[in-house]
Amino acid sequence: MNSHTLPNKRILAIMPHPDDVEILCAGTLSRLVTLGYELHVATMTPGDKGSAVLTQEEIASIRRKEARAGAERIGAKSYRCLEFRDLEITFDNASRYKLAGLFRDISPAIVFTTPPTDYMFDHEITSQLVRDACFNAGCKNYPAEGTSNPLDFVPYLYYSDSIGGHDLFGNPASLHFIIDISAEIETKTEALSCHDSQRAWLKKQHGMDNYIDSMQNWSALRGAQIGVSYGEGFLQHLGHPHPTDNPLRELLDAHTVEP
Ligand SMILES: [Zn+2]
């Protein structure tokens, strides 16, 4: 397909926590920005449980700033936090109205989020809410938050890799294609490096001091699957009523991988 068949050039990357975007899809997003696409980044929460020493509001305040810096590093036009709370994201009507309102505000032609099966509920419920909003934001009588007009199209929806590359059953994550991000690995690393607080927390909580290394190693593994230095994997939502062609194939030379 040709990119001009997209309804517009706006992209929304919406993931549960600060740093998910940077770990899972920052290289791909950076490439799209370079091509002239308008990127909007959102996190569901401000990462308010991501500290063993600070209060929720103290760590949230730090992590909103880190998330904004990370988004800016990959060229996002906007960053916003939807102010859900870590471990408390729920699939209910209030959440659905909020997501549909966001979709109407941004009107994204392409959406990225976490996969339907992942290692924790925040990731899975976010995935459900985002898929749900793709559908509901176009329904005229749906009581979305805000006053923006309903969408007159259904966005392309892409799910990122799972954290760690496995679904909740321990099976390899389902992927349709991998994007070559070799030229973006420095940008991606710098974006993730904006999240100093998380790096410190993981070290204290899990004894892990390989925040950056593990992202790079993972990106290298995905890259190796298509014969390049670094890559990011994705699954496209192909169920009705989503469009089923893949604009990323032309725009970014997406490489098909065997399931
Ligand atoms: Zn997360």
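**Exposure, fold and local geometry of the predicted chain**

Leucine 87 counts as exposed, because 12 C-beta neighbours lie inside 10 Å and a residue is classed as exposed at 12 or fewer. The model is a predicted one. The backbone at leucine 87 has a positive phi of about 65 degrees, although the residue is not a glycine. Leucine 87 belongs to the loop between S3 and H4.

Two further residues of that loop were examined. Glutamate 83 is placed in the loop between S3 and helix H4, the latter comprising residues 93-106. The phi of glutamate 83 is near 65 degrees, again a positive value in a residue other than glycine. With 11 other C-beta atoms within 10 Å, threonine 90 is exposed. When residues up to four places away in sequence are left out, threonine 90 touches Ser95 and Ile125. The C-alpha atoms of threonine 90 and phenylalanine 121 are 8.9 Å apart in space, while the two residues are 31 apart in sequence.

At the level of the whole chain, the secondary structure consists of 9 helices and 8 strands. The C-alpha trace spans about 50 × 45 × 35 Å along its principal axes. The radius of gyration is 17 Å; a compact globule of 259 residues would have a value near 18 Å, so the chain agrees with that expectation. Of the 259 residues, 47% count as buried. Among contacts with a separation of 6 or more, 77% are between residues 24 or more positions apart.

The largest nonpolar core contains 60 residues, of which Ala13 and Val111 touch the most other members. Apart from residues up to four places away in sequence, alanine 13 touches Val21, Cys25, Leu29, Leu39, Val41 and Phe112.

The 8 strands form an open sheet with mixed pairing, in the order S3-S2-S1-S4-S5-S7-S6-S8. Its edges are strand S3 (78-81) and strand S8 (255-256), each of which pairs on one side only. At the S3 end, strand S2 (residues 38-43) runs parallel to S3 and is joined to it by 4 bridges. Within this pairing, alanine 42 has arginine 80 in S3 as its bridge partner. Helix H3, formed by residues 56-73, lies across S2 and S3 and runs at about 155 degrees to S3. Together, S2, H3 and S3 make a right-handed β-α-β unit.

Isoleucine 179 has glutamate 232 as its bridge partner in S7, and phenylalanine 177 stands opposite threonine 256 in S8. Strand S6 covers residues 177-180; Phe177 and Ile179 point one way from it, Ile178 and Asp180 point the other way, and all are buried.

A cis peptide bond is present between histidine 240 and proline 241, with omega about 5 degrees. Proline 241 is located in the loop that lies between strand S7 (231-236) and helix H9 (247-252).

Note on methods: Residues numbered from 1 in each chain as written. Predicted model: local features only at pLDDT ≥ 70, side-chain atom pairs only at ≥ 80, totals over all residues. Helix = DSSP H or I, 4+ residues; strand = E, 2+ residues; numbered from the N terminus. Rg over C-alpha atoms; globule rule 2.2 N^0.38 Å. Buried ≥ 20, exposed ≤ 12 C-beta atoms within 10 Å, placed from the backbone. Contact = placed C-beta atoms within 7 Å. Core = buried A, V, L, I, M, F, W, Y, C linked by C-beta atoms within 7 Å. Pairing = 2+ DSSP bridges. Axes fitted to C-alpha atoms, helices over the stretch in contact; angles between N-to-C directions. Right-handed = clockwise from strand over helix to strand, strands pointing away.
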